[in-house]
Amino acid sequence: MHEYEALIVGAGGAGLYAALEASKTGKTAVLSKLYPIRSHTGAAQGGIGAALGNIEEDKPEWHAFDTVKGGDYLTDQNAAILLSEDAIQAVYELENKGLPFSRTPDGLIDQRRFGGHTRNFGEAPVRRACYAADRTGHMILQTLYQQCIKNDVVFFDEYYVLDVVMEGQRCSGLVTLNFSTGEIHIFKAKAVLFATGGFGRMFRITSNAYANTGDGQALLVNRGVPLEDLEFYQFHPTGIRGLGILITEGVRGEGGILRNAKGERFMERYAPTLLDLAPRDMIARAIHSEIQELRGIKGDGSVDDFIHLDATHLGKEKIEAKLPDIAEFSRTYLGIDPADKPMSVHPTAHYAMGGIPTDLNGRVIFDSQGTTYEGLYAAGECACVSVHGANRLGTNSLVELIVYGRRAGQHMAQYVKGADFGIAPPDVGEPARARLAELRSQGNGPNPESLRQEMQRVMMENVGIYRNGENMAKAKNTLGEMRQVYTQIKANDPSKAFNTQVLEILELGHLLDLAYMMTACALNRQESRGAHAREDYPERDDKNWLKHTLAWLEGGKIRLDYKNVDISRWAPKPRKY
Amino acid sequence: MKITVEIQRFNPESDSKSYTRKYEVDAEPTDRLLTVLLDIKGTQDPTLGIRKSCAHGVCGSDAMVINGKERLACKTLIKDVAQGEGAVICVEPLRNLPIQRDLMVDQDKFFKNYMHVKPYFMSSEEPKEKEFRQTPDERQKFEEGTKCILCVSCYSACPVIQEVNPNFLGPAAVVQAARFNDDSRDEGFEERLLQLDYPDGIWPCESRFECTRVCPRGIKITKTINFTKRKIQQHKS
């Protein structure tokens with residue numbers, strides 16, 4: 001039995017920032033299923049948005065408005081305003097902690113353009129994204145991990161959470177698996193933060209790491225916690241053909257252009273003002289349409305058709321200076337130099353706008369009134385505060401990690417000072433122990449790998465960029481059946497120590513639960529908004545659907561409820577770019 | 001094309017020593033080796049132990065020895081290591097660290113050495129303005145070290161650790177120290193100096209360039225180590 005006042009699950013940007021803050025007053029530990037510096041924050045490339053105005057005039061208010069409009073007005077406006085205001089201080093803090101930002105000739109933090117970020121409420125693109133070449137996430141992750149080392153934050157590397165200890169509406173600890181021994185460890189805590197990231201691995205083509213399996217969300221769902229706005233899932237327009245590896249929007253921020261087989265700059269037809277820097281949902285749909293209308297590079301409209309991202313006119317020097325990793329990915333995986341030839345790309349499953357509902361301090365909410373649990377927090381991609389609404393703008397994921405990870409950590413630091421430890425009954429680990437024993441017992445069962453591939457295919461084909469009721473209803477049934485099949489799976493590997501197969505089976509279960517819930521939420525929402533594009537309901541419907549979805553999974557059945565959207569600052573308008 | 005993948009195996013719960021197992025697979029020349037290994041795990045042998053995460057060469061999880069050289073499995077395409085039908089790819093765990101299971105090694109010592117050099121930003125002053133000013137040239141001076149993903153490849157390839165001094169700090173730790181020592185904003189050089197300037201610290205390096213040869217991030221490691229050695233010598237004289 002371990003005892004910490006604050007426990008952080010996940011060692012990406014949100015978790016590490018929260019740990020730094022929480023450890024200022026409370027005994028804090030970070031549990032992570034990966035070595036911390038392997039977390040997926042490190043794969044973020046292009047930048048972190050903050051209205052520093054280092055290059056040209058900019059204001060937090062413009063950033064907040066862009067975030068709200070980018071989210072197709074499902075964004076909670078109070079959360080977006082806080083995000084854009086706190087972003088400035090957060091970026092300076094990171095710099096002051098040593099983050100090696102790229103610099104202007106005057107020695108200030110340099111800034112570049114990014115999709116949907118504009119000056120004066122949509123007039124033209126603005127240089128708002130602070131960046132470190134195309135390794136911004138890597139530098140954030142490194143900087144925060146370094147600071148955690150400096151401040152003696154305790155880490156439990158390769159510990160995997162199996163269950164959450166809840167006493168009514170209060171969280172009092174975690175049941176975990178030590179990967180290196182296969183033993184169960186119980187952690188008692190006054191406060192627990194989930195910062196476990198996204199779940200792109202439910203799709204066949206994704207930019208996400210293998211580790212992005214929605215563990216935190218699924219574990220909490222299993223304990224009766226609802227999830228918010230799961231139907232909104234972002235496809236990034238530019239993933240490497242066939243592999244889905246991310247090619248940052250920063251390429252277009254630096255001047256890169258999307259072209260179809262005829263060489264046309266097709267975004268002129270879809271977003272005449274912002275062109276290639278329109279929000280991601282619009283560009284992903286535009287690429288999809290070009291391919292469907294046989295203007296993809298292959299020209300056959302097939303699922304593996306693609307378009308070109310042309311950066312050749314930027315020149316080798318600029319590409320190597322500002323986009324060195326992109327150049328390297330391009331050489332490694334496409335066999336071309338982006339200075340010589342355009343890159344072959346298509347949309348790739350990228351980011352969950354929805355997640356564990358929280359208030360502005362990261363406290364998890366359990367009903368439509370916004371009532372919070374005690375001692376339970378979430379931040380980062382696994383959470384939904386909601387700043388991204390129906391579609392996230394580029395760079396705002398990193399902004400959210402820093403701003404809301406920090407806020408949640410600060411709140412925990414205060415909370416643990418006045419709170420007591422709860423009671424973790426001696427048998428609290430039994431359900432998890434029994435589940436592990438069952439998984440490790442020998443016997444024949446369905447092959448987890450075929451089930452995983454089938455889930456990824458079903459989600460890609462039916463709950464992707466464009467959706468319709470008929471296909472989603474079928475997909476929901478299929479996923480329901482797959483969840484039944486899943487219960488029969490056994491590990492062929494009975495070992496206790498370093499058993500990767502057992503972890504992968506648990507992760508698959510999490511993905512299946514979330515895929516099932518996402519499909520149900522998407523089927524239920526009869527409108528098109530942001531990343532949720534319905535062929536059978538092509539218009540946004542503010543009268544009936546300007547509301548957040550809350551979904552529970554109860555004994556295999558989905559229960560839904562709704563929560564109001566904060567629209568206190570800007571009235572919803574049609575979304576044109 | 002049909003290829004054979006020979007993987008070094010070891011399970012501490014059932015094996016007294018490592019052995020090699022062969023797997024026949026059908027792979028495309030442009031497939032990532034990581035994908036092929038996971039395909040083997042998914043369809044032929046689920047007990048295969050391997051670490052992985054980002055799958056595109058930025059997280060550092062899947063460094064291993066491939067045909068005798070340290071590489072990231074996700075950044076290695078089949079055509080890079082296997083030519084033609086029937087080719088054999090030999091996959092082993094990293095060297096210089098204890099094997100935990102199959103392709104996973106215990107990285108504890110590597111990270112202890114990393115933390116030993118105080119790999120974090122130190123400054124006694126608050127910036128005069130909102131950010132510390134730093135010119136693009138000053139920023140460029142420590143660019144190399146910022147690229148490191150702590151994948152352990154250099155540590156595994158280091159012949160000094162293998163043949164001369166197993167307690168040598170290792171290449172990555174020095175690179176991490178240099179990343180801060182060469183940063184115009186940082187003031188921790190003297191503190192870090194104590195962590196580098198001792199017999200098992202920076203000095204065992206013999207400039208044999210194996211680290212530089214294998215670094216998947218293309219960091220000029222040996223050059224960085226030699227630069228740091230000179231900086232220490234200049235400081236002391």
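In the predicted model, A:Leu7 is in contact with A:Ala29, A:Leu31, A:Leu174, A:Phe187, A:Ala189 and A:Val192, leaving aside residues up to four places away in sequence. A:Leu7 belongs to the largest nonpolar core, which contains 254 residues. Together with A:Ala18, A:Leu193 and A:Met412, A:Leu7 is among the residues with the most contacts inside this core. Helix H15 of chain A (residues 500-524) supplies the largest share of the core, namely 15 residues. In soluble globular proteins, nonpolar side chains tend to be buried together.

Helix packing was examined for helix H2 (residues 60-70) and helix H3 (residues 77-96) of chain A. Their axes lie 8 Å apart and form an angle of about 135 degrees. Angles over 145 degrees count as roughly antiparallel and those from 65 to 115 as roughly perpendicular; H2(A) and H3(A) are therefore oblique to each other. The crossing of H3(A) by H2(A) is right-handed. On the H2(A) side, the contact is made by A:Pro60, A:His63, A:Ala64, A:Thr67 and A:Val68. The residues that they meet in H3(A) include A:Gln77, A:Ala80, A:Ile81, A:Leu83 and A:Ser84, as well as A:Glu85, A:Ala87 and A:Ile88.

Chain A also contains an open sheet of three strands, arranged in the order S3-S5-S4 with antiparallel pairing. Strand S3 (48-49) and strand S4 (111-119) form the edges, each pairing on one side only. Five bridges join S4(A) to strand S5 (residues 124-130) in the antiparallel sense. The bridge partner of A:Arg113 is A:Arg127, in S5(A).

Definitions and conventions
Residues are numbered from 1 along each chain as its sequence is written. Chains are lettered from A and ligands numbered from 1 in the order in which they are written. This is a predicted model: local features need pLDDT of at least 70, side-chain atom pairs count only at pLDDT 80 or more; totals for chains, interfaces and linings use all residues. Two strands pair if DSSP finds at least two bridges between them. Helices (H or I, at least four residues) and strands (E, at least two) are DSSP runs, numbered from the N terminus. A nonpolar core is a set of buried Ala, Val, Leu, Ile, Met, Phe, Trp, Tyr and Cys residues joined through C-beta atoms within 7 Å. A residue is buried if 20 or more other C-beta atoms lie within 10 Å of its own, exposed if 12 or fewer, and partly exposed in between; C-beta atoms are placed from the backbone. Two residues are in contact if their C-beta atoms, placed from the backbone, lie within 7 Å. Axes are lines fitted to C-alpha atoms, for helices over the stretch in contact, and angles run from 0 to 180 degrees between N-to-C directions. Angles under 35 degrees count as roughly parallel, over 145 as roughly antiparallel, 65 to 115 as roughly perpendicular and the rest as oblique. A crossing is left-handed if the near helix is turned anticlockwise from the far one by less than a right angle, and right-handed if clockwise.
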